[in-house]
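This briefing is intended for a reader who has the sequence and the coordinates at hand. Please consult the display below while reading the points that follow.

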Amino acid sequence: MPRGRRILVVDDDETIRKLLRDLFEANGHEVEEAPDAQSAARLLKTREFEVVLTDLMLPDGDGLEVLRAARARPYEPEVLVITAYGTIDSAVEAVRTGAFDYLTKPISTQKLLLTVERAVERRALRSEVSNLRREVGDRYSPKNLVAASAPMRRVLELVNVVAAADSPILIQGESGTGKELVARAIHFRGARAGRPFVAVNCAALPEALLESELFGYTKGAFTGAATDRKGLFEEADGGSLLLDEIGDMPLLLQGKLLRVLQEGEIRRVGSASMRRVDVRILASTNRDLSALIREGKFREDLFYRLNVIPIVIPPLRERMEDIVPLCRHFLTMYGGKLGREAQSLSSEALDVILKHEWPGNIRELENVIARVVTLSAAPVISAEEFRVIFSLGGARPPEAPSPAVETAGGTIQGAEKDAILQALQAAEGNQTKAARALGMGRNTLWRKMKKYGIESHG
């Protein structure tokens, strides 16, 4: 059992308080006593406790008052309620309003110590979850998103404004522009930050599977439905649901989504009953929804429901000022993962990068930087290393030499062979990892290894 915990015992019976003090102190804990609710409230304001153990019946009130006073403290101790058999209903009500558990008299010493241990563990877990949520919130805070260009600064200003609202948001932009990052920034800046953020790609699932993923299903609804299952709307209850690539959602499901937006209700597949959900809808798309409406592939009424506050993210080629700070950001991030100091780029490398059109936007830029950091330990990364990566990936900046042109390290083919060898060495011979670092499929890597006579060791 963890030692050194701070415990507050609240009971009007001095004998019981002494017994509990002796028990807890014998197990290495620090104990304070209070004979009534008011004394407990004063101690809760001046000391920080991890566990509060309170009798339900007190001379100046009841344990529920102690519970409320404890839950109001920023350090939020766990509360255990002691009750007689005749007051079980009240104890159950205490649990419903925030108590960790209740114990009936007479109290088993072993059970009491075990329950306190579990309460301490849950408090530590709650604290860890709270810290993680805070870290995630900081990560997706607009101030930590790279935005040097005027268009992206306007986007982040809009994020700050709409985060406080609770209306649907439609985020539009090409693939790889950072639509999900913007959606997360909206969620973690708003009142729902402490609640779930759930994302689903509407283009990645067939219609039947997408419906059951979104709305859940009941046992026996279809073959393989062995139990009831919550859908993503219920998982996101109280928080936000990002419907990525909403333009690819089937028309039938668009109608059901419209009902959720209008009524705040969902129905599991195979169920006849409706369930209330409280979810903020964030939608994103890389498609022209107006064109889809004209083609009869997207509901106009749903579009107007979603497009209450539109956010349009410009492609990377239209915000060139963001490229250099993004490069620095990714160099630091991936260098840190490898335990290195952040690398820098030569002026020639920057020239190559700035002349590239970046059709894959930020996702492509991040991928390229991740690959070059993996393949090169040089403190200053050269232009040639980017040219090799562009040639491997099939995308080439305007000034890249043809494969037959000699380079500082020989031919492009020679540089490609070197890059493959370096990737294999970094991956300790694991071809799957090496292929991922090089941005190619494993079969493509195998063919190139065969072409250059590189032996396989993984």
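The model is predicted, so local features require pLDDT of at least 70 and side-chain atom pairs count only at pLDDT 80 or more, while totals for chains, interfaces and linings use all residues. Residues are numbered from 1 along each chain as its sequence is written, and side-chain values use heavy atoms, with hydrogens and water left out.

**The sheet**

- Five strands form an open sheet in the order β9-β10-β13-β8-β14, with parallel pairing; strands (E, at least two residues) and helices (H or I, at least four) are DSSP runs numbered from the N terminus, and two strands pair if DSSP finds at least two bridges between them.
- The edges are held by β9 and β14, each with a single partner strand, so one side of each has no neighbour in the sheet.
- From one strand to the next, the twist averages 20°; axes are lines fitted to C-alpha atoms, for helices over the stretch in contact, and angles run from 0 to 180 degrees between N-to-C directions.
- Strand β9 (residues 197–201) is joined to β10 by five bridges, and V200 has L243 of β10 as its bridge partner.
- Four bridges link β10 and β13 in the parallel sense, with S240 opposite R280 of β13.
- β8 and β13 are likewise parallel, over four bridges, and L170 has A283 of β13 as its bridge partner.

**Strand β10**

- Five of the five residues of β10 (residues 240–244) are buried, so the strand is largely enclosed by the rest of the structure; buried means under 20% relative accessible area, exposed over 50%, and partly exposed in between (1.4 Å probe, protein chains only).
- Both faces are covered, with S240, L242 and D244 on one side and L241 and L243 on the other.
- Beyond its neighbours within four places in sequence, L241 is in contact with residues including V198, L214, F233, V279 and I281, where contact means heavy atoms within 4.5 Å.

**Helix α6**

- The 14 residues of α6 (residues 150–163) should span 20 Å at 1.5 Å a residue, and the end C-alpha atoms are 20 Å apart, which agrees; the expected span is 1.5 Å times one less than the number of residues.
- Its buried residues are M152, V155, L156, V159, V162 and A163.
- α6 lies across β8, β13 and β14, running at about 155° to β14.

**Nonpolar cores**

- The largest nonpolar core has 30 residues, and L214, F233, L241, L243 and I246 have the most contacts inside it; such a core is a set of buried Ala, Val, Leu, Ile, Met, Phe, Trp, Tyr and Cys residues joined through side-chain atoms within 4.5 Å.
- Elements giving two or more residues to this core include β9, β10, β13 and α10 (251–263).
- The largest share of this core, five residues, comes from α10.
- Apart from this core lies another, of 24 residues, among them F330, L345, W358 and L365.

**Position D418**

- D418 belongs to helix α17 (residues 412–426) and is partly exposed, with a relative accessible area of 39%.
- V388 is 30 residues from D418 in sequence and 9.7 Å away in space, C-alpha to C-alpha.
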